[in-house]
Amino acid sequence: MRSSKSYSTKEWARLGAYTNPVSGTGMAFSPLGIPAGQPVTQVHETGYLERRPHWNYPNTFSPFWRLYYNFAAGHCCVFPDREVELGPDRIVVIPDHHLFHSVGTGAPPHFWITFRHDRQPAQGQAIPIELAPGELELDLIRALIPLVREDAVHPDRDRALGLSLALLHVVLTRPEITWETQARPGQLSRVVQHIERNLDQPLY
């Protein structure tokens, strides 16, 4: 990107995001519209329970992603090759279509987001994804809790959605996560979405 220090008066006059959202002086990401294959993140639900007992769900296999953060020990996720305890020292992200068992031995404060994300982890990426929470993630979680807890009175849904997306974008762009470099072709994405929407329906 060329330095703005070298722009002439005429070049300055031509700059600006008016009919085109890309001015040429910022970091451009996408043109108008959503290009085919552009990763999409969609929040299904964000929630928080001050106490979450009886967290026992065997053979969980879902067509959506999960983000978990617990403020104390007492829950764990058991995968075929390892067991991951939830707690204040880690954010746990579970991609879609991964079999695990939810095991609860206590009733800790439990925060979660269920969401859709079109990008897929690389082959070598450990699943589930475990991340040490940074201050930014913790601040967003703390800001979300009053909005999404079950006893919230007239919560601001727009703000809750915006903060949920912000948290997901911060977490999913962490450098510790490695991703497939190629997105699914548009037609394949539509087939996958149809399967996910009708996962509980008979095959024929």
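Against which elements do the buried residues of α3 pack? In this predicted model, the buried residues of α3 pack against the strands β1, β3, β6 (91–94), β8 (110–117) and β9 (129–131), and against the helix α2 (135–148). The following paragraphs place this helix within the chain and then turn to the aromatic residues and the cysteines.

The protein chain contains four helices and nine strands. Read from the N terminus, the order of the elements is α-β-β-β-β-β-β-β-β-β-α-α-α. Of the 204 residues in the protein chain, 36% are buried. Contacts between residues at least 6 apart in sequence were also examined, and 75% of these join residues at least 24 apart.

Helix α3 comprises 16 residues, numbered 157–172. At the N-terminal end, α3 is capped by Asp156, which places a side-chain oxygen 3.2 Å from the backbone nitrogen of Asp158. The buried residues of the helix are Ala160, Leu163, Ser164, Leu167, Leu168, Val171 and Leu172. When α3 is viewed down its axis, these buried residues fall within an arc of 160°, so they line one face of the helix. An α-helix has 3.6 residues a turn, and therefore residues three or four places apart point the same way.

Ser164 provides a detailed view of this packing. The residue lies in helix α3 and is buried, with a relative accessible area of 1%. Leaving aside residues up to four places away in sequence, Ser164 touches Val43, Thr46, Ile113 and Leu144.

Aromatic residues were considered next. The structure holds six aromatic pairs. One of them joins Tyr48 and Phe71 in an edge-to-face arrangement, with 6.0 Å from centre to centre and 90° between the planes. This pair links distant parts of the chain, for Tyr48 belongs to strand β1 (residues 41–49), whereas Phe71 is in the loop between β3 (65–70) and β4 (75–78), 23 residues apart. The relative accessible area of Tyr48 is 7%, and this residue is buried. Phe71, by contrast, is partly exposed, with a relative accessible area of 30%. Phe71 also pairs with Tyr69, again edge-to-face, at 5.0 Å centre to centre and 85° between the planes. Tyr69 is buried, and its relative accessible area is 4%. Together, Tyr48, Tyr69 and Phe71 form one aromatic cluster.

A search of the whole structure finds zero disulfides. Cys76 takes part in no disulfide, and the nearest cysteine sulfur, that of Cys77, is 7.0 Å away.

Conventions
Residues numbered from 1 in each chain as written. Predicted model: local features only at pLDDT ≥ 70, side-chain atom pairs only at ≥ 80, totals over all residues. Heavy atoms only, no water. Phe/Tyr/Trp six-rings, centres within 6.5 Å; stacked < 30°, edge-to-face > 60°. Helix = DSSP H or I, 4+ residues; strand = E, 2+ residues; numbered from the N terminus. Buried < 20%, exposed > 50% of the residue type's maximum accessible area, 1.4 Å probe, protein only. Disulfide = S-S within 2.5 Å. Expected span 1.5 Å × (residues − 1). Arc of directions from axis to C-beta. Contact = heavy atoms within 4.5 Å. Polar contact = N/O pair within 3.5 Å; in protein donor to acceptor, adjacent residues only side chain to side chain.
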